[in-house]
Amino acid sequence: MSWYGIDAVDKAVSRTRTALFEPFDFWKWVKLAIIIFFVGGMGYNYGGSGTNYQLSSEDVRNDILNIDPGRIVDFPSGISWLGLNYTESTSFLGIIAAIIAFFLLLALIFSYISSVMEFVFVESLVKNEVFFWAYSKKFMGKGFNLLLVRLVLALIFFVLFVLAFLPFISIILKESSDFSFPLLIGGLFWFFVVVILLALLGAVVNSFISLAIPLAIYRETGILSALKMVYKNFRKSWQQVLVYWFIRILLGIGVTILAVIIFGLLVLGLIILFLIIDGILYFLLSTFISEPLNWILLIPLAIVELLLIFVTLMLLSVPLVVFLKYHLLSFLEAWFADANIPFFDKVPGEPETGIGPGPDESISSEPKSDELESGGFESGKSEQDESKSGELEPEISETG
């Protein structure tokens with residue numbers, strides 16, 4: 001019995017070499033790097049500061065003492081002294097709510113782009129042709145459906161996380177006055193157990209989704225139907241999937257170690273090179289320009305250097321990520337009999353492999369109408385020939 005997860009390693013290496021190095025296309029690497037960047041998600045740290053002037057008690061006391069008897073104080077237009085603090089607090093809360101809503105919307109937009117890029121990445125590797133905008137327009141609907149599925153799954157995981165801590169919340173509320181150290185240790189232990197279990201469950205679900213994405217493309221179905229296909233085939237051959245997961249873990253560890261070594265050496269070399277260049281430029285500029293202006297000119301250069309390091313790392317990560325995705329696709333091709341993945345290196349008429357037929361076995365196994373007609377005609381003709389030969393045999397024997 002062959003293990004498809006192991007056999008897929010050789011195919012993944014061969015397809016990665018053909019797609020990226022035979023021949024080498026720099027702009028193809030750039031487009032794949034952009035797709036991988038969006039697929040990997042976007043993380044930004046947003047921060048800001050603001051000022052909020054409030055009247056202190058000294059200001060209020062001094063103003064009140066300076067009021068003449070019988071004189072009505074004139075407040076600035078549109079401001080009531082009694083509602084000043086309330087107006088400031090509501091406006092501050094409104095600004096905070098608007099900022100949170102903006103970044104939530106931004107996160108949804110980036111999540112949608114990432115979902116679309118999942119399909120674009122698969123199509124680019126299967127066809128060995130990267131058409132960024134054409135594939136993006138093609139998979140906008142499927143990407144939106146994938147986004148909805150992921151949002152629902154995120155909500156389910158959040159509810160499971162909250163439900164797992166409901167007993168501790170009730171205990172903490174009851175013993176709020178007499179909080180014990182063993183309760184804290186037990187809560188921390190339970191927290192790590194819940195996080196690990198949810199992480200393992202999330203990894204399994206994400207693996208099923210990754211396997212379902214190519215099926216949704218090439219079986220021309222929705223992401224939920226593709227997930228059902230993957231689950232049905234998993235029930236038939238769960239051993240193959242377990243071996244595939246084990247191989248994926250080993251490959252992930254190996255790729256991570258290789259990336260740390262390569263990227264670490266590269267970043268160290270680039271940092272040393274850029275420091276030498278910046279030091280020479282600083283020495284040259286300091287002879288002609290004053291000190292503050294030196295830094296004004298060198299800071300944009302440092303930003304450009306950081307961008308160059310980031311772009312270089314993204315380009316070097318392309319072979320590693322492409323190899324892992326080709327391994328997934330090659331495993332799916334062998335594991336799911338009717339995946340119908342039209343690989344660029346697939347020989348026409350190559351027999352399908354995999355564990356059992358696909359979910360549409362009854363449909364695919366039915367004979368076509370042309371075959372029925374031709375088969376019925378030939379069978380009827382053969383029966384007539386047999387009957388005629390049976391009638392001639394007695395006559396020949398009698399004459400003999």
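Guide: A residue counts as exposed when its relative accessible area is over 50%, as buried when that area is under 20%, and as partly exposed in between. Keep these cut-offs in mind for the predicted model above.

Visitor: Is E220 buried or exposed?

Guide: E220 has a relative accessibility of 73%, so it counts as exposed. Its place is in the loop between α8 (181–218) and α9.

Visitor: What share of the chain counts as buried?

Guide: The chain has 400 residues, and 28% of them count as buried. Others fall between the cut-offs. I34, found in helix α2, counts as partly exposed because its relative accessibility is 37%.

Visitor: How far is I34 from F132 in sequence and in space?

Guide: In sequence, I34 and F132 are 98 residues apart; in space, their C-alpha atoms are 9.3 Å apart. For the chain as a whole, take the contacts between residues at least 6 apart in sequence: 71% of them join residues at least 24 apart.

Visitor: How confident is the predictor in this chain?

Guide: The pLDDT averages 78 over the chain, and 71% of the residues score at least 70. Over residues 41–67 the pLDDT is below 50, and this stretch has 14 contacts in the model beyond near neighbours in sequence. Residues 69–73 also have a pLDDT below 50, with 1 contact beyond near neighbours in sequence.

Visitor: How many helices and strands does the chain have?

Guide: The secondary structure comes to 13 helices and 0 strands. Read from the N terminus on, the elements run α-α-α-α-α-α-α-α-α-α-α-α-α.

Visitor: How are two packed helices described?

Guide: Two packed helices are described by the angle between their axes and the distance between the axes. Start with helix α2 (residues 26–39) and helix α11 (residues 291–335), whose axes come within 9 Å and cross at roughly 90°. That makes α2 roughly perpendicular to α11.

Visitor: Which residues make the contact between α2 and α11?

Guide: From α2 come F26, W29, V30, L32, A33, I36 and F37, and from α11 come F310, M314, L315, V318, P319, V321 and V322. By class, the residues of this contact are 14 nonpolar, no polar and no charged.

Visitor: At what angle do α1 and α10 pack?

Guide: Helix α1 (residues 4–21) and helix α10 (residues 238–286) pack at about 45°, and their axes are 7 Å apart. These two helices are therefore oblique to each other. On the α1 side, Y4, G5, I6 and V9 meet Q240, V243, Y244, I247 and L251 of α10. The contact has 7 nonpolar, 2 polar and no charged residues.

Visitor: How do α9 and α10 pack?

Guide: Helix α9 (residues 223–236) packs on α10 at an angle of about 100°, with the axes 5 Å apart. The pair is therefore roughly perpendicular. F234, R235 and K236 of α9 make the contact with W238, V241 and W245 of α10. Here the classes are 4 nonpolar, no polar and 2 charged.

Visitor: Which residues does the "transmembrane region" annotation cover?

Guide: According to the unreviewed UniProt entry, the annotation covers residues 29–47, 92–113, 147–173, 179–201, 243–263, 270–289 and 295–324. Two of these spans can be compared with the model. Residues 243–263 are 100% helix and 0% strand, and the end C-alpha atoms are 30 Å apart. Residues 270–289 are 85% helix and 0% strand, with 27 Å between the end C-alpha atoms.

Visitor: Where is the cis peptide bond?

Guide: The bond from E22 to P23 is cis, with omega near 0°. P23 lies in the loop between α1 and α2.

Note on methods:
Residues are numbered from 1 along each chain as its sequence is written. This is a predicted model: local features need pLDDT of at least 70, side-chain atom pairs count only at pLDDT 80 or more; totals for chains, interfaces and linings use all residues. Side-chain values use heavy atoms; hydrogens and water are left out. Axes are lines fitted to C-alpha atoms, for helices over the stretch in contact, and angles run from 0 to 180 degrees between N-to-C directions. Helices (H or I, at least four residues) and strands (E, at least two) are DSSP runs, numbered from the N terminus. Angles under 35 degrees count as roughly parallel, over 145 as roughly antiparallel, 65 to 115 as roughly perpendicular and the rest as oblique. Contact means heavy atoms within 4.5 Å. Ala, Val, Leu, Ile, Met, Phe, Trp, Tyr, Cys and Pro count as nonpolar, Asp, Glu, Lys and Arg as charged, and the others, Gly among them, as polar. UniProt positions are given in the numbering used here, feature names are shortened, and annotations may be inferred rather than shown by experiment. pLDDT is the predictor's confidence in each residue, from 0 to 100. Buried means under 20% relative accessible area, exposed over 50%, partly exposed in between (1.4 Å probe, protein chains only).
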